[in-house]
Structure formats: C-alpha cells, structure tokens
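Reader: Could you walk me through this one with me asking as we go? I would like to begin with the pockets and then turn to the strands.

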Amino acid sequence: MEVNPPKQEHLLALKVMRLTKPTLFTNIPVTCEEKDLPGELFNQLMRDDPSTVNGAEILMLGEMLTLPQNFGNIFLGETFSSYISVHNDSNQVVKDILVKADLQTSSQRLNLSASNAAVAELKPDCCIDDVIHHEVKEIGTHILVCAVSYTTQGGEKMYFRKFFKFQVLKPLDVKTKFYNAESDLSSVTDEVFLEAQIQNITTSPMFMEKVSLEPSIMYNVAELNSVSQAGECVTTFGSRAYLQPMDTRQYLYCLKPKKEFAEKAGIIKGVTVIGKLDIVWKTNLGERGRLQTSQLQRMAPGYGDVRLSLEAIPDTVNLEEPFHITCKITNCSSERTMDLVLEMCNTNSLHWCGISGRQLGKLHPSSSLCLALTLLSSVQGLQSVSGLRLTDTFLKRTYEYDDIAQVCVVSSAIKVES
C-alpha cells in the first residue's frame, strides 16, 4: 500500500498589513441629571477619562489616536500602501528568497515589488521587509497577490502565495453641464460656460484642496469661483473648504477660444472637446486623493454655414429716431465661397432704414465682413431686433435671423445717455 508523504511545512511566514493613518478615538458619553441617583458620578468619570476632550466631555470625538482595527475603505484616487514582511520561523538558513507582490484588477496585473532581485540568504529569526505603494485608478475588486519562493538547506525549492482581496469605492459623483453663450459685443467667438457639480459620496468630510479645469488646446479658461473683497481674492465657498458627506458643491468656469482659433469660425464650430477636471482632496489626517476626469465634451453650437453676430448696438434709443447697429457676417464653411444677398423685413415695432435685397458680394471661406445698419422704432418698451435674411445665390439657400438682440425704446422726451 502506497502512503503519501506528509506535506512539508514552510520555513518562512508571510505577513501583510495595510498602512493607513490612525483615527481619532470616539467614546460614548453617559450622562444623567443632577437630581438622578448617580448625581455627578458619570460627569466626573468623563472628566477624569484621559481620552475625552477637556471641556467637551460629552462630545463623542476624543483627542487620542487609535490604530486601524480593520482593512477600512479604499477610494478611487487614493494611494494604497501595504507593509509586507517575510520572517524565517525555522532554525536553519534559507537561501535565494524572492518576494513578489502583484495587484490584480479587472483589466490588468501590476507588479508593485520595489525590487525583483532575490535575497541571497535569510538567517533564523530574521525578516525581509518591504513597503509598496499604488495610486488606485480603477473601481471594483482588487486582489493583492503576494508570492514567496526560496531554497532550503537541502536544496529543495519551495513556493507559496497568499491572496488579499479588497474593494475600491467611488469617492465623488461628478456631473457637468455646458452652456453655449453667444458672442458679446467685444468678441467674435462663442464662450462656453461649464458647471461642475461635485458630490461627496463617502462617509467622512473632505477638504477640497483643488478643483481646476485643464482646457483643451483651443481654449483659455477663467475660474468663476472667487470674488474680490478689499483687494483680496476670496473663494465663494468660504474660508473652510470642507465638503460634508452627501453634500454637493457647484463650480463654474468660462472658456474662451484662443485668438489664433477665434478668427477661424469654422474650426471653433466643430470643436466639442473642452478639457478635463482635476480634483484634489484630503481626508481624515491628511490622506490625499486625486481624480482626473476624461475629456469633457459638449454639443457644438449649430449656427450653420453663415453666422451673424452683433458688434455694436445701443442699450437705449429714442422713439421714432433712427439708431445704428453693426453686424458681422462670417462664412463658417472651410472650402466654399458664398455670394450673399441681404434682405431686411420690418416688424410691427422696428423698421429698417435702407435698401433691402442688396448684393453683399462674395465672401470667402472663414472670412468675415461688417455691416452698418439703421433702424427706427415706432413702439416704446423693450423691442427685439429681427427680420434679417441672408440668401446664398449659389445654393439658393436662405438663412433667417430673428431675435438677434433687444433694445429699450423710450419716449423722445426722456434724454438718452450716450
């Protein structure tokens, strides 16, 4: 009868411990009214307790630090640190020890070992220590695989490994909204406003160290999350930028095309990639986390092949007195020359002064021309400038422009400030 030899025990012991910051000790206060039987006994015991805060004994948060008792939560963007120790529990010298630490995710396997070289020998009661660090960049299940191989004094090669499984959670919920703004009176291109809503979905407060927008190559960005007070720039969120659990904070940014791209309306019209958000925060006792979103995209403004924008218009005009506006017409096509005809249609309140149906001539791709037009209002109040029509004689296509801008019409008896 064949008998299997007993399984040989390993000479080395592997210990793995996650390295995290300590936490503040929490105690449960026990109090009672002075007229109750214990009297001042409970209050005196809390005052004598070294773990409580002097003068705030009834608060659950103490002033002592405690070491972590479990693995704890790991959030995306934080740094996972672990201490790995291999100890020689035997009474013999072990040779050619190789310790390897890999992190297995749903998409890849990463080698976290500081060195892949083998240790020549390990004497009894001696150990090999290593500390590994990894910035977590994936959500979901992670498995830390620690493998140890060595050679005994008898020349036998031994190998064993251990698995440590943990979950990586999502710390923030980020939502974005885009607003395509028409050009103002000093700009020939559209501005884009980005609203970013950031919610803390962890169970502890966060200190928001930085929330910035890294724009794409075509844009410059201006942060609109601060105000000027007494010559100093003060954040709109107050001096303490803490984000409590489940709280949401809104950040606003304004993007403007760079000058070299602003003059090419056809290029800007098709740009959808805006940039990406860079978020840095701290938790507990200064543990740092960082997230960077993927490239944010918006819907490109759809103003067609021909774009009409206002360069100048008065805010207030007199009733039944002519006033002037300046329009800019841009050929947004990158390869087609247009032959345009301008028509002006009167509305119930505003009347165009000039010749309708006049030829504007040929407009080459990505080029512009400015027009000075005159109007007259017969009705008081806030009136909308409408009724411009541009016809491309090559394609027999007409572009209609209504509600271009608004102007306030007042009685001629009221002096209009220039």
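Reader: How do the residues lining the largest pocket divide into nonpolar, polar and charged?

Author: This is a predicted model, which should be kept in mind throughout. In it, the lining of the largest pocket divides into six nonpolar, 12 polar and four charged residues.

Reader: And what volume does that pocket have, and which residues lie nearest its centre?

Author: The volume of the largest pocket is about 470 Å³. Its lining is made up of 22 residues, and those nearest the centre are Thr23, Gly72, Asn73, Asn284 and Glu287.

Reader: What does the pair of Phe80 and Phe166 tie together?

Author: Phe80 belongs to strand β5 (residues 79-88) and Phe166 to strand β11 (residues 157-169), so the pair ties together parts that are 86 residues apart in sequence.

Reader: On to sheets, then. What is the strand order in the open sheet of four strands?

Author: The order is β12-β13-β19-β15, and the pairing in this open sheet is antiparallel. At its edges are β12 (172-181) and β15 (219-223), each of which pairs on one side only, and the twist from one strand to the next averages 25°.

Reader: How many bridges join β13 and β19?

Author: Strand β13 (residues 191-200) pairs with strand β19 (residues 248-257) over eight bridges in the antiparallel sense, and the bridge partner of Gln199 in β19 is Thr248.

Reader: In which sense do β30 and β33 pair?

Author: β30 and strand β33 (residues 405-410) pair in the antiparallel sense, over five bridges, and Gln383 has Val407 as its bridge partner in β33.

Reader: Last topic: how many residues lie between β16 and β17 in their hairpin?

Author: Two residues lie between β16 and β17 in that hairpin, and Ala230 in the turn has a positive phi of about 55°. Strand β16 (residues 226-229) and strand β17 (residues 232-235) run antiparallel and are joined by four bridges, with Cys233 in β17 as the bridge partner of Ser228.

Key. Residues numbered from 1 in each chain as written. Predicted model: local features only at pLDDT ≥ 70, side-chain atom pairs only at ≥ 80, totals over all residues. Heavy atoms only, no water. Pairing = 2+ DSSP bridges. 1 Å grid on protein atoms, 1.4 Å probe; cavity = no way out; pocket = protein on both sides within 12 Å on 5 of 7 lines; lining within 4 Å. Points joined across faces, edges and corners; volume = space filled by probe spheres on them. Nonpolar A, V, L, I, M, F, W, Y, C, P; charged D, E, K, R; others polar. Axes fitted to C-alpha atoms, helices over the stretch in contact; angles between N-to-C directions.
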